[in-house]
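Dear colleague,

I am passing on the structure below for you to look at. My notes on what was found in it follow directly after.

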Amino acid sequence: PTRVLTGITTSGTPHLGNYVGAVRPAIAASRDPGSESFYFLADLHSLIKAQDPARTQRSTLEIAATWLAAGLEPDRVWFYRQSDVPEITELTWMLTCVAGKGILNRAHAYKAAVDRNRAEGEDDDSGVTAGLFMYPVLMAADILIFNADRVPVGRDQVQHIEMARDFGQRFNHVYGREWFTLPEAVVEAHVATLPGLDGRKMSKSYDNTIPLFVPEAELRRLVFSIVTDSRAPGEPKPVEGSALYELYRAFATPEEAAAFGQAFADGIGWGEAKQRLADLLEREIAPLRARYLDLVARPGDIEDTLRDGARRLRERYATPLLAQVREAVGLRDLS
Ligand code: TYM
């Protein structure tokens with residue numbers, strides 16, 4: 001089967017963009033019998049930004065509960081927490097020793113930090129940790145350790161997948177055979193851009209998100225705060241460039257989306273359009289929210305699910321792979 005792997009960094013609470021762009025399609029893909037899915041919580045990556053232990057733990061629980069509430073079946077998907085698989089960090093070092101430093105210098109997140117420093121007249125690396133610099137190597141280890149074929153991600157992550165290919169290829173070259181599969185990034189163009197309240201891409205850094213599991217009243221309040229123009233009821237409204245319409249489409253059947261587009265052309269008032277969007281969101285989210293609240297109230301069960309996933313996954317894939325890699329580079333086998 002084709003191996004599909006993706007991760008979410010455990011920083012903060014998931015929003016509609018994460019759900020539509022990552023969680024919902026990943027769960028749909030996991031039901032394809034021709035694929036084997038690996039979905040994980042990137043808690044080691046979260047340490048790069050969040051250095052608040054309570055928050056890291058809380059966020060891991062919330063994101064795990066989100067996947068489960070959205071329908072992830074731990075019996076058919078490898079579902080685990082990155083830090084529960086220590087072979088990933090061990091492989092990170094092996095890859096660090098073949099990764100070109102010049103390639104890491106070009107990583108977007110690192111370059112953005114350097115550019116900010118230059119603009120402010122600081123030293124290039126002022127306030128930059130080696131963790132931020134090494135981020136792509138840890139991510140390459142996440143992917144290569146399970147020989148993933150396909151990695152579904154948003155556009156912002158594509159460069160990291162290319163780096164994973166590069167490091168895997170160098171390792172294969174240096175150690176003389178195809179130890180690792182080279183992964184392909186998969187970007188779903190039509191879901192890569194769910195807009196937020198202000199019409200820009202929904203993102204925590206723009207402070208324009210609709211969190212997935214706010215209470216219904218808060219969800220309705222947020223929908224009513226979506227920015228619209230000054231067209232009055234009765235005036236036709238274009239669907240192009242309308243965040244309201246895009247959000248509606250992401251949750252509607254094609255027939256419902258077409259009817260909503262017709263209502264725009266017929267001059268629906270913004271208040272009524274928002275009402276319809278709120279009803280639609282609530283239709284899909286309400287059952288998930290109920291499951292989510294039930295799950296987060298039982299953190300022990302989530303913990304058991306995650307530990308069990310990592311335990312089985314290590315036994316099946318991670319431990320044997322590391323034994324091979326140790327042998328490949330000339331280190332002693334641990335077993
Ligand atoms: P992260 O946690 O920033 O984002 C998780 C996934 O959600 C996508 N995404 C969006 N998609 C559509 N619309 C939006 N508004 C939106 N906002 C975010 C992201 O592109 C991503 O696919 N480094 C990764 C986590 C990671 C990983 C991996 C991913 C660690 N190791 C190995 C794949 C494979 C990250 O920080 O994603």
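Predicted model: local features only at pLDDT ≥ 70, side-chain atom pairs only at ≥ 80, totals over all residues.

Residues are numbered from 1 along each chain as its sequence is written.

Overall fold

The protein has 13 helices and five strands, where helices (H or I, at least four residues) and strands (E, at least two) are DSSP runs, numbered from the N terminus. Its radius of gyration is 22 Å, close to the 20 Å that the globule rule gives for 335 residues, so the protein is as compact as a globular protein of that length; the radius is taken over C-alpha atoms, and the rule is 2.2 Å times the number of residues to the power 0.38. The C-alpha trace spans about 75 × 50 × 35 Å along its principal axes. Of the 335 residues, 35% count as buried, a residue being buried if 20 or more other C-beta atoms lie within 10 Å of its own, exposed if 12 or fewer, and partly exposed in between, with C-beta atoms placed from the backbone. Among the contacts with a separation of 6 or more, 76% are made by residues 24 or more positions apart.

Domains

The protein is divided into domain 1 (2-193 + 299-329) and domain 2 (213-294), with bounds that come from an automatic or database domain assignment. The C-alpha centres of these two domains lie 33 Å apart, and five residues of domain 1 are in contact with four residues of domain 2. On the side of domain 1 that touches domain 2, helix α3 (residues 53-69) provides the largest share, three residues. By class, that side of domain 1 has four nonpolar, one polar and no charged residues; here Ala, Val, Leu, Ile, Met, Phe, Trp, Tyr, Cys and Pro count as nonpolar, Asp, Glu, Lys and Arg as charged, and the others, Gly among them, as polar.

Ligand shell and annotated positions

There are 25 residues around the ligand, of which Gly7, Thr9, Gly17, Gly21 and Gly154 come nearest; a residue is counted as near a molecule or strand if its C-beta atom, placed from the backbone, lies within 6 Å of it. At least two residues of this shell are supplied by each of β1 (2-9), α1 (16-30) and α7 (130-144), and β1 gives the most, with five residues. The shell divides into 12 nonpolar, 10 polar and three charged residues.

Asp142 sits in helix α7 and counts as buried because it has 26 C-beta neighbours inside 10 Å. Leaving aside its neighbours within four places in sequence, Asp142 is in contact with Gly7, Gln82 and Ile88. As for residues 10-18, the end C-alpha atoms lie 12 Å apart, and the span is 33% helix and 0% strand.

Positions that deserve a look

Most residues other than glycine have a negative phi. Asn147, however, has a positive phi of about 50 degrees although it is not a glycine; Asn147 is found in the loop between α7 and β4 (150-152), and it counts as partly exposed because it has 18 C-beta neighbours inside 10 Å. Asp207 likewise has a positive phi, near 55 degrees, and is found in the loop between β5 (184-186) and α9 (216-224), where it is exposed, with 9 other C-beta atoms within 10 Å.

Trp179 lies in the loop between α8 (158-174) and β5 and, leaving aside its neighbours within four places in sequence, is in contact with Phe171, Asn172, Val325 and Ala328. Gly234 is placed in the loop between α9 and α10 (243-251), and its C-alpha atom is separated by 6.2 Å from that of Ile268, 34 residues apart along the chain.

With best regards

How values were computed: Contact = placed C-beta atoms within 7 Å.
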